[in-house]
Amino acid sequence: MMKGVTLLQKKSLLGVLFVSPWFLGFIFLFAIPLYQSLVYSFNNLVVAIGGFDTEFAGLKFYEEIFYKHPTFNRLLMESIVDLVINIPSIVIFSLFAATLLNQKFRGRVLARAIFFLPVLLATNLLTIEQSSDLATVAQTVTGGVDGEGLKSSELEALMLQSGFGSGITSYITGSVNRIYEIISHSGVQILIFLAGLQSVSPSLYEAAKIEGATSYESFWKITFPMVSPLILTNIIYTVIDSYNYNKLSVLINDTAFKALDFSLSAAMSWVYFGVTSIILLILVRAVSSKVFYYD
Amino acid sequence: MKLTIRLRREKKLNRSMPVDLIVFALLACSGAFMGIPFVFMISTALKPLDEMFLFPPTFIVRTPTLDNFYDLFLIFANSWVPLSRYLFNTFFVSFLGTAGHVILASMAAYPLAKLKIPGRNFLFTLVVLSLMFASQVTSIPNYLTISWMGLLNTYWALIFPAFATSLGLFLMKQFMEQIPDSLLEAAKIDGASEYRIFWQIVMPIVRPAWLTLIIFSFKGLWGTGSGSQGASYIYSEQLKTMDYAFSQILSGGFVRSGPMAAAALIMMTVPIAIFIFTQSNVIQTMSTSGMKD
């Protein structure tokens with residue numbers, strides 16, 4: 001077909017061919033808009049005929065965020081703390097749940113569906129419903145469960161008295177208070193782990209069993225290393241998912257579409273983006289050295 | 001037969017009953033957490049209007065009735081665009097968007113995970129970074145791009161953005177990376193082309209992954225029409241999706257609470273059906289897929 005092309009080049013050409021449809025879409029629908037939002041964050045937008053003009057403003061909006069905005073700093077801190085606590089809790093819980101749901105028992109599809117319900121319940125129509133009178137009724141029933149039922153002040157006192165450090169105590173009590181939040185946000189992570197568990201070859205377990213491994217041993221020696229790449233996946237997914245429910249994204253959204261200050265909103269999201277990327281980078285560095293790849 | 005019985009017994013020996021019980025109890029508890037809102041939703045949809053606003057609210061409906069569903073269809077009976085059109089729009093957008101997203105994402109993920117192409121690490125970093133970015137920010141430039149491409153007020157305005165989402169690519173790449181290289185090499189030595197390796201080896205192995213991706217993608221697209229995107233990208237009534245129609249018609253307030261609960265339930269059923277369908281398929285493939293080495 002083509003002369004003067006080495007085999008290696010031909011192969012990479014195929015790869016490029018495979019990637020390009022997605023890549024084109026990515027450029028048009030993501031990269032260009034992203035670049036524009038960066039431009040907005042440094043410019044005043046002035047409405048003009050047939051669109052708007054930009055007027056260079058330097059770091060004005062970034063200064064405004066950090067020095068003038070009443071709630072941004074607090075919300076940023078809150079969402080970072082949330083993220084740091086939620087990531088390990090969600091990953092551990094979802095691994096635990098996925099291992100259980102992967103076992104053979106009657107009605108396990110149904111059991112999986114139940115754990116995935118919160119994700120489905122979070123569709124748009126339901127958020128509209130939540131803003132209505134019906135939602136207040138619903139919240140008195142469902143919201144009461146997580147609000148009042150699970151206070152962990154006794155646990156905190158107990159743990160502090162028995163000599164745990166205050167850091168770990170507040171982490172654990174924090175997680176206990178968040179149980180509802182954690183469970184309802186781990187639906188997707190459970191599914192990802194499940195898919196990972198299902199691609200582990202049964203012959204590995206068979207071999208381990210013949211060698212006399214207990215199920216505890218085969219969990220730590222087979223299951224855990226085999227799904228460990230997905231721990232990384234789930235950490236990243238948890239971060240992405242947090243954009244859907246944390247208060248900072250609400251603020252960013254409101255700044256753009258209620259206050260109509262697009263530049264400020266763009267600057268806010270770039271700051272947020274930068275901070276989460278740094279956290280993620282640290283986490284990925286820490287985890288990926290321990291990840292096992294089957295080769 | 002005898003062998004299987006013995007195996008089963010041995011398996012039981014390995015486990016301790018109390019731990020199993022504790023584990024089951026934990027699972028049941030957290031499952032109940034998840035289940036409660038859904039049960040409440042079903043029971044609300046079946047409540048007559050006078051029971052819906054009782055205080056304290058009844059958790060399980062006392063006098064179940066299908067009036068709410070009846071009312072909902074009555075509202076649609078008078079609408080200018082028939083219900084079937086909204087239904088078609090939703091299904092068309094969701095199915096095409098999901099199919100395209102899953103296929104394009106898998107195709108792009110394979111070279112990133114397993115082929116040596118120039119700049120693949122850079123590309124993947126780009127993907128992960130793009131996932132980190134809150135979608136609200138790009139919504140205005142996105143609108144401008146869609147309008148520039150001339151896609152406004154067509155189905156493609158909803159479908160194309162789904163194609164370009166990087167979440168699917170990210171997930172598929174993570175799963176494909178776990179396929180042992182030796183398997184692909186063996187196929188190559190046997191003379192399989194890359195194209196064939198992709199469709200006949202890689203895709204069947206990561207089947208659990210793309211079945212899962214179908215769920216995510218479908219769930220996202222199913223509710224897309226009533227989001228800020230759907231509402232602004234499409235302005236012809238006959239191209240609007242079902243969830244948009246529901247949300248608009250049902251914004252009537254207090255009186256429409258009944259049909260609203262019914263609509264919410266109807267909108268939930270299809271993603272749940274897809275979920276159960278794909279997940280039970282995963283179970284069937286489990287024994288046949290997997291690597292033999």
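**Exercise 1.** Over residues 260-284 of chain A, what percentage of the chain is helix, and how far apart are the end C-alpha atoms?

Solution. First, the ground rules: this is a predicted model, where local features need pLDDT of at least 70, side-chain atom pairs count only at pLDDT 80 or more, and totals for chains, interfaces and linings use all residues. Residues are numbered from 1 along each chain as its sequence is written, chains are lettered from A and ligands numbered from 1 in the order in which they are written, and side-chain values use heavy atoms, with hydrogens and water left out.

Now the stretch itself. Residues 260-284 of chain A come out at 92% helix and 0% strand, with 36 Å between the end C-alpha atoms. Helices here are DSSP runs of H or I with at least four residues, strands are runs of E with at least two, and both are numbered from the N terminus.

**Exercise 2.** Look up the UniProt "transmembrane region" spans in both chains and check some of them against the model.

Solution. Start with chain A: the unreviewed UniProt entry lists 12-35, 83-102, 109-128, 179-197, 218-240 and 260-284. Of these, residues 179-197 of chain A are 89% helix and 0% strand, with end C-alpha atoms 24 Å apart.

For chain B, the unreviewed entry gives 21-46, 86-110, 122-143, 155-176, 197-218 and 260-283. Residues 21-46 of chain B are 96% helix and 0% strand, and their end C-alpha atoms sit 35 Å apart. For residues 197-218 of chain B, the values are 95% helix, 0% strand and 27 Å. One caveat: such annotations may be inferred rather than shown by experiment.

**Exercise 3.** Describe the contact between chain B and chain A.

Solution. Count residues: 104 from chain B and 95 from chain A take part (contact means heavy atoms within 4.5 Å). Next, area: about 9000 Å² is buried, 79% of it from carbon and sulfur atoms. Buried area is the accessible area (1.4 Å probe) that two parts lose on being put together, summed over both.

Which helix of chain B gives the most to the side that touches chain A? That's helix α15 (residues 257-288) of chain B, with 15 residues.

Finally, charges: there are zero salt bridges between chain B and chain A (side-chain nitrogen of Lys or Arg within 4 Å of a carboxyl oxygen of Asp or Glu).

**Exercise 4.** Find a salt bridge inside chain B.

Solution. Over all chains the count is four salt bridges. One of them joins the side chains of B:K114 and B:D181, at 2.8 Å from N to O. B:K114 belongs to helix α5 (residues 83-114) of chain B and B:D181 to helix α10 (residues 181-189) of chain B, so the pair links parts 67 residues apart.
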